[in-house]
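Trainee: I've got the model open and I'd like to learn how to read it feature by feature. Can you walk me through it?

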2 protein chains.
Amino acid sequence: SARSVLRAAYATAASPAWAQPSDRFEHRHTGSGQKDLQEMLKAVGVSSLDALIKETVPADIRLNRALNTPASKTEGQLLAELKAIAKKNVIARSYIGMGYYGTIVPNVILRNLFESPAWYTPYTPYQPEVSQGRLESLLNFQTMVSDLTGLEISNASLLDEATAAGEAMSMSFAIARQKANKFFISKDCHTQTIALVQTRAAALGIEVVVGDHESQAFEKDQFCGAIVQYPATDGRVLDYSAFVQKVKASGAVTACATDLLALTTFKPPGEFGFDIAFGSAQRFGVPLGYGGPHAAFFATKDEYKRLIPGRIIGVSRDSTGRTALRMAMQTREQHIRRDKATSNICTAQALLANAAAMYAVYHGPEGLKEIANRVHGLTLALAAGINKLGVAKVDEKAAVFDTISADCGSDKKAAAVIDAAKALGINLRQLGRSVCVSLDETTTPADVADVLKAFNAGKDAGLSVAELCAAVTTKLPANLERRSPFLTHPVFRLHRTEHEMLRYIYRLQGKDVSLCRSMISLGSCTMKLNATAEMIPITWPEFNGLHPFAPVDQAKGYKEMIDGLERALEEITGFAKVSSQPNSGSNGEYAGLMVISAYHRSRGDTNRTVCLIPTSAHGTNPASAVLAGMQVVTVKCDENGNIDVADLVAKADAHRDRLAALMVTYPSTHGVFEETIKEICRVVHDRGGQVYMDGANMNAQVGLCRPGDIGADVCHLNLHKTFCIPHGGGGPGMGPIGVAKHLAPFLPGHPVICTGGEKAIGPVSAAPWGSASILPISWMYIHLMGPDGLKRATEYAILNANYMAARLSKHYKVLYTGKNGRVAHEFIIDFRPFKASAGIEVSDVAKRLIDFGFHPPTMSFPVAGTLMIEPTESESKAELDRLIDALIIIRQEIAEVEAGKVPRDDNVLKNAPHTAEVLLAQKWERPYTREQAAYPAAWVKADKFWPSVSRVDDVFGDRNLVCSCPPMDAYE
Amino acid sequence: SARSVLRAAYATAASPAWAQPSDRFEHRHTGSGQKDLQEMLKAVGVSSLDALIKETVPADIRLNRALNTPASKTEGQLLAELKAIAKKNVIARSYIGMGYYGTIVPNVILRNLFESPAWYTPYTPYQPEVSQGRLESLLNFQTMVSDLTGLEISNASLLDEATAAGEAMSMSFAIARQKANKFFISKDCHTQTIALVQTRAAALGIEVVVGDHESQAFEKDQFCGAIVQYPATDGRVLDYSAFVQKVKASGAVTACATDLLALTTFKPPGEFGFDIAFGSAQRFGVPLGYGGPHAAFFATKDEYKRLIPGRIIGVSRDSTGRTALRMAMQTREQHIRRDKATSNICTAQALLANAAAMYAVYHGPEGLKEIANRVHGLTLALAAGINKLGVAKVDEKAAVFDTISADCGSDKKAAAVIDAAKALGINLRQLGRSVCVSLDETTTPADVADVLKAFNAGKDAGLSVAELCAAVTTKLPANLERRSPFLTHPVFRLHRTEHEMLRYIYRLQGKDVSLCRSMISLGSCTMKLNATAEMIPITWPEFNGLHPFAPVDQAKGYKEMIDGLERALEEITGFAKVSSQPNSGSNGEYAGLMVISAYHRSRGDTNRTVCLIPTSAHGTNPASAVLAGMQVVTVKCDENGNIDVADLVAKADAHRDRLAALMVTYPSTHGVFEETIKEICRVVHDRGGQVYMDGANMNAQVGLCRPGDIGADVCHLNLHKTFCIPHGGGGPGMGPIGVAKHLAPFLPGHPVICTGGEKAIGPVSAAPWGSASILPISWMYIHLMGPDGLKRATEYAILNANYMAARLSKHYKVLYTGKNGRVAHEFIIDFRPFKASAGIEVSDVAKRLIDFGFHPPTMSFPVAGTLMIEPTESESKAELDRLIDALIIIRQEIAEVEAGKVPRDDNVLKNAPHTAEVLLAQKWERPYTREQAAYPAAWVKADKFWPSVSRVDDVFGDRNLVCSCPPMDAYE
Ligand SMILES: Cc1ncc(COP(=O)(O)O)c(C=O)c1O
Ligand SMILES: Cc1ncc(COP(=O)(O)O)c(C=O)c1O
Ligand SMILES: O=C([O-])O
């Protein structure tokens, strides 16, 4: 608008301070004001923030200048500026398909889930007692996927369809016990799927065969697995019965890339006998978003349930025997399995899986079927129309769902159709001399008329789409028709009106603790403010409506925004180049290690495949290293939690000629700025290795020091931690990597849209810029804060951690500190002593915090029996004090047990959390009062959070794995 | 976008049904599907919906054709269509002032309050136990207003500044016991304020003197009151000490129209001795919205607390002695006072008052002061700049806040400046040969430079705004400076970061029952679905950003939308013309009666001032009649609740020559389609009277019958009932009136923007189209539903009521039914018998429903001791069944008391609602279990709502009236 453009001019005026806009963001983001600052510094025992930073961050790595990122502006100014950038995107109708389709987001879901902090701010549901809402929704997702694919077990999302194909391959390889090292992928799969599988396979030593699924021979025990696509990328829907038999006979695993909407009418993969089905749930109400975030799905047979990658929600019971949900088989998570893990996925796509599940709940089976019928019918009408025009040929005998391939006779003629379509505001896909058209939920008969026009050189085709439609029959051949019911669970029937849907969404969110309630002090997770102004742009149609493979001249706004963000991240990290392709932290790790490998290979160093990883590392590190084809060698930590430099030198020396990389988290996962970090980097470099820095703890570095300056060669950034992308209840995230100059040529490329370095490794995500549509969040954050604000945020993050540590250290042991007794932005409290003294485990403390209304901190990572607390800069002193007070009260409760005043096996901690139902029981025989249980502090009464279940039984659930919705009465 | 425009073409294609879009809205809005329908019809005992309607709606009024409103379209189609219309509005910078100012809505408030159904769907907080959240926020509003105005008592909002002036006059008149009938209003007040006061005064027989406050003489006991404006409409800030003394000495009440932002720096009205201060809180974070909705405020001295118009939130205590809030002095509400009421206001502007209060909480006193200082400073810089330019003269010696008046020498020269500004995208105000400029929170130095350019004939003025700013001193004269502190309560200090603000908003909403939780069956209130697609457009900048007095050529989108809506409402009501000016139902009543008066007068019928009103009428009817200068004569109802036609004839005959109008609600407030309605109209018409129909129950008429056809001459529509504007927790609403052809010339006009009939009465609202920015909600609803959908909605509303009545009639007495035993869209259950049988009052039942998680139905209106239930069409059978079951269980609980099994004064009903704290008490001596209290039905456990207070004590609160925030420890 005129107003916005004119107001943008503001920034140049140099008027007195009082004349500057006062709607500044920094003090909304960073929690402690000037007054609190003094009190906090006093508690910490330092004279100033600066003094604290000097005591905390080693002098030899400190950045002694301001960051050179854009000056801060107000929320209003930046929303106007970003809107102007976004408007440079052209939103055409994209019938390109390839795994991305137009969809209608139900408005009630848009406003109350996508745009609701109650849904987008929570963490991964590691603590089931405060997560029953989103666990139920994710279970709906799994049930939907199982039902539609016809396979027993589904997970709660993967990053995208192409990485899901990679996971299918890894899983097949694991089933073959790494013995059969060939892997088949049909040429009829999407281009990006094939390319990503090839990239992953090369690192794992798997030989990929891209071929024709009918003619391909499968010699016994040669192939570990095979992937075909259903419907194929060019639209054909094929009967894979014979293929499945052939492959199985050879001993290989069969996997099917598929489409949930098609499966409402077509026979499900499970009924063909496939072992695995996967794909993208995007078209179930998740916007195109220029490639993401979207939830991929993955389903398999019951026999493989312990090999399925990613998170699985399972049904269990709580301590009172009531049905309760939780993440199943967490023992499979990487920090347990480490280099034995078969997948490195951690942050997934929970929010998008929830959106897709809600879409299914909203439409129910009949509604989905109605949508599918329309898409299918219009596709057939289009095919008939094209053939009537006579300018191109569509095989009307082939079964199709939403996509047709029209043979135009020559590449040139096909290109002419593409151009004519573009002139009409429509993007189509060229496949050699054919033009492919993929219709979707948004397509109307008028759109079909336009496509026909494009085939008719832009002139009105003179065909009546209504007549073409009237002549269509959507009857499928018997061998391809779906006959089995799906979405029969009542949840897919009970919420059809907007009121019912709204209340269902609210009922579920009411069971969860999100940032709308209280601080979430999860160490290593950086649960800082996800500001509204940062979130607003991501649901703008200008960002939401682009197909990732739209012509790049339609994505100028995206390019400008991504460029701006990447340049800022380069300055913040001190690197030469950033790639925004990896769509999670662990995918960043994999991408970075692949870049390192490519670099070594480019220099003829083909032997450099050893990756040193400290014992303290996050489990994704070893898992990613293995995925990148490296051998993990563990480096010890000393009693202070720091890398044992002597051991590092010894291991580096021992593997000198094969040394590829060291992975190091900084500040360490123990919450400490290790003084020796530069030396550590030197040790590795001196021996020809590269330093991979895990940037999960970047929130302690921004503006104070830079990975590139410290000596790292690569670093990934969890934008969903330091750069304000909300965690979404378990995703989305973004894990861009920054690299030093010598590694830039190897940054990941993409087979459809040109990106990456000159010697680019293959794609690591399905879309060229990963989950592009959430990048505006980080763009906004960096621009809102400006260089000073960013730096101060880091300083306050460190202050807040040190303040909490200082106060808590009078009651608990703070496990690790740096040279001057300071912690970084997080710290670990040790609860192991209470096992002996009171029979109290760390989980008892975690669950007791729920009675106070707090989400427990990170439990038993990186050290078992501890809690790791990361307050972030966004919390006020008042909120920090509440959490501290809660922990102090808990210490007193432990003391009561230690003193023998209450039994070790029956006390407020052991029985936590307390539901209202338990506390209202007629009979009360516990050695504490109901009030003590419910209101352990006076302030709890003002806003009591009632958990919906008691302590959840993990063991029972894992023993009796159920991963789809239980019957309704199970909840009663 | 291209997509939207192209897709709009869709509607014309006539393809097969399967090819039509399936995202149809009607079945999302209307609750019961085909399957439920049969069961419900069976329970009611009719064969079809049609048969039920035939039995319910009298044959002689039935509309036997389809409505001629636009065909239904999908949510996506209509959002695109309305966006295209909205884009025809031009959003300029408006420095017009006159009570409307640019403001920055904090994004956290935008998303989590304005755009949150948890805040916009609840009803007026008549039931405090389920409303403590918004009661607290409204109390913050009152505290803010009291602090800033320096007066002890504030209400919780009025409709707009001009009607607030009208209320000040009525209150003054009441204080003078209607004896002194002159009223002074300064010529320095806003134009629309003066015009509205004049309109109201004429009806009340008050003589308005518009004059100069300095020269005006106030003879003893001649004037009941006087209004001045501070700052004045042209910007001057005057010292009113002498004026207040002068007026007081004459015995009149002094009132001050004022501005909350100015009051952060200027001496508050209370310190001048004013009795009343009022104004608009719009610029506290509420968008311009082309005139509304905004919250007006009204404050007065403690001595007048029982005369203050509108709702007042007061502090009281609950049955356990804990601090609890509720609406104070409800005995003043109109249905108690009726024609003795001094104001007719009912629905006010709660949502906007909450937004303004949250804005103050977010900024705190320092933040507000910072904003005020900037606005003030830039205004002074502008004045200096204009004088430097030498093209116009500003009196720099006069104290100003945000507005200056620049004397251009001639009208023509002033007009040239206005034009030059317009060319720069800026709207200014012409006042004779002067140009007024009002700056606001959004104004930047660059904007000031543009205004200077406008004064310089559009050429760069060559003045540095930075230098102008540097030269500014904002020091105020001592007699005008504010020295008293404000917003000292901790609530205005504790929520400054976005996290704290977010959590405060969530904490409050968690205490309230909104439509996000369960049905709200308030009879006479029509709490139907407020669909997201209807709500989305109202926060579009294209609707939000317009000043109500912007040149009409900038408001073409508004015009098109309002025209479309008015034409549809004319068709729905059967009237010739609709006016969208009245901004509440009761304001519609007043407007309609004023139109009737004007009509009578135009025919020389100056004696026609008697208004017949049945005893069953809503209390606003008599109050509005009095406000319109009529004498109320009451008409009896018979034992079936219908108008006693014999009594009507008798009264009409008795007042034959003076008969102005009958006010009649249809279907009746007793929930019945009276068979005699046509006859009733005839009786009135035959005697020269006009029929005013109260359209509050229009939800039972749409598509089935029409007020105009029935014989009404005027009818108001509560768009916040039948046409889906959410109730906002007590407003906003819109009360447009439809009139027959002979009344159209008299529809309300406006002194600034031309609107209304040729013989228009004066304005009834401050803005020409009332709360224009919420009209898109009703536009969307009507277009989404289409004629068939609208009609079916009415049929289902009637079915749902009859279904509930049928099931409940086995357990309770349904008080009134029509000729065939059918109720309309609502019905009354009688609880009076239980007083004797069990000592149970209707309020005990209402409060017990809270234990089930339900908002109680309408209590004791229109009949004391009853509940009136209006389910609306938007509820599913499952939800209706839950409410029915709850009431059946309650009947059993009453039976237990009747049977003497539990004491009459100590049972689940008497002690309801039960808070968790009460139930968790160590000692439990009640004659029922804790579980019985908390979980009266099995399904309650799945989503227990915990009230935050026990039964609230109204009497205590009214005796000890406290209307601003109590100290923090009061809550503990
Ligand atoms: C230290 C560390 N490294 C890596 C990761 C993995 O990141 P992501 O979950 O985005 O895959 C995490 C996630 O919590 C982490 O804490
Ligand atoms: C029958 C009736 N008439 C008039 C009104 C007044 O409408 P409003 O509250 O919009 O002023 C109401 C409000 O509930 C009502 O029920
Ligand atoms: O997600 C984590 O494993 O921290």
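Predicted model: local features only at pLDDT ≥ 70, side-chain atom pairs only at ≥ 80, totals over all residues.

Trainee: Which residues is Phe455(A) in contact with, leaving aside its neighbours within four places in sequence?

Mentor: There are several, including Ile386(A), Leu389(A), Val391(A), Cys408(A), Val417(A) and Leu428(A).

Trainee: Moving to the sheet, what is the strand order in the open sheet of seven strands?

Mentor: Read across, the order is β15-β21-β20-β19-β18-β16-β17 in chain A, and the pairing is mixed. β15 (577-579) and β17 (631-635) of chain A each have a single partner strand, so one side of each lacks a neighbour in the sheet. From one strand to the next, the twist averages 25°.

Trainee: In which sense do β19 and β20 of chain A pair?

Mentor: Parallel, over three bridges, with β19 spanning residues 690-694 and β20 residues 714-716. Look for Tyr692(A), whose bridge partner in β20(A) is Val714(A). Then find helix α23 (residues 620-627) of chain A, which packs on the sheet and touches β16, β17, β18 and β19 of chain A. The direction of α23 makes about 175° with that of β16(A).

Trainee: Now the charged pairs. What's the general idea?

Mentor: Side chains of opposite charge can pair when their charged atoms come close. Over all chains, the structure holds 124 salt bridges. In one of them, Asp402(A) meets Arg283(A) at 2.9 Å, N to O. That pair links distant parts of the chain, 119 residues apart, and both residues are buried.

Trainee: How many residues apart in sequence are the parts tied together by Arg322(A) and Glu917(A)?

Mentor: They are 595 residues apart: Arg322(A) lies in the loop between β9 and β10 of chain A, and Glu917(A) in helix α31 of chain A. The N to O distance is 2.0 Å. Arg322(A) is partly exposed, at 23% relative accessible area, and so is Glu917(A), at 25%.

Trainee: And between the chains, how much area is buried?

Mentor: About 8200 Å² between chain B and chain A, with carbon and sulfur atoms giving 54% of that. The contact takes 105 residues from chain B and 105 residues from chain A. There are eight salt bridges between the two chains. Check Arg503(A) too: a salt bridge joins this residue to Glu879(B), with the closest N and O atoms 3.7 Å apart.

Notes: Residues numbered from 1 in each chain as written. Chains lettered and ligands numbered in written order. Heavy atoms only, no water. Pairing = 2+ DSSP bridges. Helix = DSSP H or I, 4+ residues; strand = E, 2+ residues; numbered from the N terminus. Axes fitted to C-alpha atoms, helices over the stretch in contact; angles between N-to-C directions. Contact = heavy atoms within 4.5 Å. Buried area = accessible area lost by both parts, 1.4 Å probe. Salt bridge = Lys/Arg side-chain N within 4 Å of Asp/Glu carboxyl O. Buried < 20%, exposed > 50% of the residue type's maximum accessible area, 1.4 Å probe, protein only.
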